[in-house]
Number of protein chains: 2
Amino acid sequence: MQNAPCPLCQPADGLNEIWRNAQLRVIDVPDAGFPGYTRVIWNQHVTEMTDLDAPQRQHLMDAVWLVETVMRNELAPLKVNLAQFGNQVPHLHWHVIPRWPLDTHFPDAVWAPPRERSPEQQLAWQGFHEQQEGLLSAYHAALRTALDTL
Amino acid sequence: MQNAPCPLCQPADGLNEIWRNAQLRVIDVPDAGFPGYTRVIWNQHVTEMTDLDAPQRQHLMDAVWLVETVMRNELAPLKVNLAQFGNQVPHLHWHVIPRWPLDTHFPDAVWAPPRERSPEQQLAWQGFHEQQEGLLSAYHAALRTALDTL
């Protein structure tokens with residue numbers, strides 16, 4: 001893995017970029033099954049939060065809190081899930097995931113197997129999913145405005 | 001769920017508590033399959049990080065970074081996993097999980113199904129697991145010393 005090029009150092013995610021500055025970028029995770037799923041990626045190749053110095057760590061977390069704030073304002077999820085794993089790609093990135101009671105995995109983690117749902121529940125989620133997708137451009141615009149204050 | 005008593009407000013985890021102050025507590029997650037798995041729990045019943053004010057958020061994250069630092073020093077995991085979900089128990093708590101190449105789920109999330117492993121790999125993990133459990137009292141002592149600086 002260490003010899004392979006890091007996919008977050010040589011990103012193919014340019015089209016999904018919502019905002020960036022010199023330290024970090026914020027991307028939309030497309031086709032994620034969770035409309036509004038957002039990732040905050042530290043630009044430099046660093047593995048752990050405690051590899052950053054305190055001001056860098058603060059800057060990265062301030063971006064994560066801004067994403068959470070705007071996500072709550074614009075998408076009104078029942079719960080926000082935050083995760084920093086990096087087992088597969090050891091380059092610092094945060095998952096910020098809006099969760100709803102109807103979604104494919106609730107109340108389990110999105111990394112767990114999907115739960116059993118009735119055809120009615122699947123249909124209800126599909127409708128809700130489409131409705132949420134309709135909110136994404138306003139969400140991304142509000143994200144850019146908020147992140148410009150970083 | 002809102003009518004049931006919150007298990008993090010009325011905790012049965014007293015025996016596993018490593019450290020606490022007025023704002024938060026740090027507990028060992030026993031029998032977790034990941035020796036050193038640690039949870040940082042905000043004492044007050046709050047749902048999201050952005051429900052805290054900035055100094056509270058900073059205090060909670062400073063505790064998480066201290067746990068990560070001591071975990072890396074004492075247990076030397078290949079990777080630290082951080083997560084704040086709260087879908088099942090919407091009371092703010094952080095999972096801080098040490099990960100190793102031999103563990104039951106690596107490189108997947110610990111919430112994913114366990115991966116296939118050969119009998120040799122299982123035996124190697126079992127031996128490593130026991131060795132790591134031998135480090136836990138030193139890890140917890142170092143955690144208490146570090147958290148006393150909070």
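A salt bridge here is a side-chain nitrogen of Lys or Arg within 4 Å of a carboxyl oxygen of Asp or Glu. By that rule, 4 salt bridges cross the interface of chain B and chain A. Before I go on, this is a predicted model: local features need pLDDT of at least 70, side-chain atom pairs count only at pLDDT 80 or more, and totals for chains, interfaces and linings use all residues. Residues are numbered from 1 along each chain as its sequence is written, chains are lettered from A and ligands numbered from 1 in the order in which they are written, and side-chain values use heavy atoms, with hydrogens and water left out.

Next, the interface. With contact meaning heavy atoms within 4.5 Å, 32 residues of chain B are in contact with 32 residues of chain A. B:Trp65, B:Lys79 and B:Asn87 supply 22% of the area that chain B buries against chain A, more than any other three residues; buried area is the accessible area (1.4 Å probe) that two parts lose on being put together, summed over both. Of the interface residues of chain B, 100% are also interface residues in chain A, so the copies meet through the same surface.

One of the residues to look at is B:Glu68, in helix H1 (residues 54-75) of chain B; helices (H or I, at least four residues) and strands (E, at least two) are DSSP runs, numbered from the N terminus. B:Glu68 is buried yet has no salt bridge, where buried means under 20% relative accessible area, exposed over 50%, and partly exposed in between (1.4 Å probe, protein chains only). What is the nearest side chain of opposite charge to B:Glu68? B:Arg72, 4.3 Å away, counting Lys and Arg as positive and Asp and Glu as negative, with His and the chain ends not counted. B:Arg72 forms a salt bridge with A:Asp51, the closest N and O atoms being 2.9 Å apart. Among the residues that B:Glu68 touches are A:Glu48, A:Met49 and A:Thr50.

Last, A:Tyr37, in the loop between strand S2 (24-28) and strand S3 (38-42) of chain A. At 7% relative accessibility, A:Tyr37 counts as buried. Residues that A:Tyr37 touches include A:Ile27, A:His95 and A:Trp111.

How values were computed
Lists of a residue's contacts leave out its neighbours within four places in sequence.
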